[in-house]
Amino acid sequence: MLDVVRSETTKPRRRLPNQRWQIYPQKAEFAQKLAVASNISPIISQLLINRGIETLEAAQAFLEPESLILPAPLEEFPDLAISVELLQNAIASEEKIAICGDYDADGMTSTALLLRSLRTLGAKVDYAIPSRMHDGYGINKRIVEEFHSEGVGLILTVDNGISAVEPIARARELGLKVIVTDHHDIPQILPAANAILNPKLIAESSPYRGVAGVGVAYILAVSLAQQLGETRGLIQPMLALFTLGTIADLAPLTGVNRRWVKRGLQHLPKSKLPGIQALIQIAGVQASESIQNSKFKIQNSELEIQNLGLDTNPKFKIQNPKSLKPEDIGFRLGPRINAIGRIGDPQIVIDLLTTDDMGIALERSMQCESVNQQRQEMCEQIEQEAIAFVETEFVTSLQQDRVLVVVQPNWHHGVIGIVASRLVERYGVPVFIGTYEDETHIRGSARGIPEFNVFEALQACHDLLGKYGGHKAAGGFSFPAQNLPKVRSRLIEFANQCLEPQHLKPLLKIDTQVNFSEIDRQLYQQLNALHPCGIDNPDPVFWTPNVQVVEQQIVGKGHIKLTLAQTIDRQQYKIKAIAWRWRDYFPLPSRVDVAYKLRENTFNGNTSIEMELIGVRLPTQSHLFLTSPQRPLRTTFEYKQRQYSCGIFQQGSLPELRIKNPEGKVLVMQPGHTIGLLGNSRENAQEVDICQPQYDGIIQAALQALSVLSHES
């Protein structure tokens, strides 16, 4: 919850989410112009503005990504031509190629994509994926030595290799050629590979800049197929794997990612890859025709559909079977693939995505399903243990440390990255979580917050770590157990250099205010113009002030199911909502401001628009601003050990909140506005964004004090 002063006379209120709300500045005039020019609603145009769209041309390119004129990848990636030549020569001379992949969804889909395409193009190719348990991330000398002993002439890394200086040096010593395809951040020293393909090495303005490992693999495979003149039947299977890997890896859905994923989602439900079809069916994203039949025909036998545990009820189907939304893949298919890499054998996924046999595909997809269920149970247990540990050891020092370093024995390091994300969500600070590989070594995962660069933090500890890597938002690491106190100290020092106290609450970015009366099927359908949503193009987040919680109950594993109501011009509008994993905040107050995403829900053939609640706070602009001018509200309050006075006053026909500090400066805001005034008088006051933490916190404190006063009166 935003900083709120609690009156000594009031009862301690129930806990609410620890959030800081940042509402985008509303540009109503420009939004209206953009809406008229693009034939979209002002709400949609405001969402585009929030995503950096500043011109009509940019809006057109965003809404219709196929209209973009893309530069040729060969012009953008300096080493792409030599990479294609190396592969072309290896195919022509029947030289053995070996792919070294990675065990996450990006790495496994990249491996499968290149395996399928190279085999189709006539290459002699095999693969290896390092064991998460025994090898850790990336190519290593053992794998290089094995490749050499097997007669490999060319090594192709996917989703790894950019930091593998020593293993690649060893490969070159042994006479092997190496192509590195990766998308992770660039280290100070590059490996001595024959070619390196990494979007971080090309211009920041390039539309290819944001591709994940599977995007680099896709570009390489398509370029090779084009060079050989053999693209027929190759592009769509590769596009399906690109789409699956890009969304599951949470790559930014901008540039070519947005264009290709949007295209890929149209084709994915009808993909001819048995692995994709089996995964879609087992995950329950879509019931295809083969599921609607009473039996699957597998090779020469029949497998009863009941044995698969699948439902043939029509509601089992997604709303639009012609097109899957990214969240269907990211939250249904992606985790099932990732689960294998975390606690299973990656070969299961490679088999799944490279087989042409539907029987094998169904068997492998059911293995993915089973492992994912194990992963969910494991995450739940470790999360509860981690929370108990943090509450005992660190919760009182979080404001001083500004980072959490949590290390415990007997945790599975395949799933602790997921737990790290949940701890960030809970405590609002960067989290470095680890477990003991053995008595002398710790391995872990890190997740950050917007103001904190995980990769730079790991670099700051480079002399204390063994291996490490990652991005701004996430990373992985290992180090000798004896270094734990020094690592913790170094990370605390780094966090204190880049984080301020106001950063230590989860940031909730909110697009625009919407009334319940505006939420209907038409608005929901207009939101489709923004899809596919994901990283750098997030799902729209709306907020509505001062709504009534009519009903609420705990359902499932700690979720809150609600009915919310807003009264507008004496008419009440109701809408159902769900708040995932919010058991700790139950019951919610009877009146709140809510932040949410809109979702479509179909049950028993009826489709309705509902809310996915992601934020809630005490009302900031409710009855206080409706106070009669004959009875102005005025009071004093303490905030961060300083005394302030505040009140609700009439300015012309509008009420406004005024807060005065001990030096006589006044902060003024009006309901519904994100810009306020700050100064000693209106004449010399400057405009300020009152959504910023330094202003929002004191406004919340003033409104809370006035709210207490109004209740007492």
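Select residues 80-92, helix H5, and residues 213-228, helix H9: the two pack at an angle of about 60°, and their axes lie 10 Å apart. Helices here are DSSP runs of H or I with at least four residues, strands are E runs of at least two, and both are numbered from the N terminus. Axes are lines fitted to C-alpha atoms, for helices over the stretch in contact, with angles from 0 to 180 degrees between N-to-C directions. This is a predicted model, where local features need pLDDT of at least 70, side-chain atom pairs count only at pLDDT 80 or more, and totals for chains, interfaces and linings use all residues. Residues are numbered from 1 along each chain as its sequence is written, and side-chain values use heavy atoms, leaving out hydrogens and water.

Now show the side chains. Which residues of H5 meet H9? They are Leu80, Ser83, Val84, Leu87, Gln88 and Ile91, and their partners in H9 are Ile219, Leu220, Ser223, Leu224, Gln227 and Leu228 (contact means heavy atoms within 4.5 Å).

Next stop: the sheet. Look for 5 strands in the order E9-E10-E11-E13-E12, forming an open sheet with mixed pairing (two strands pair if DSSP finds at least two bridges between them). At the edges sit E9 (404-408) and E12 (468-470), each pairing on one side only. On average, neighbouring strands of this sheet are turned by 15° against each other, ignoring direction.

Finally, select 431-436 (E10) and 441-447 (E11): these strands run antiparallel, joined by 6 bridges. Click Val431, and you'll find Arg447 of E11 opposite.
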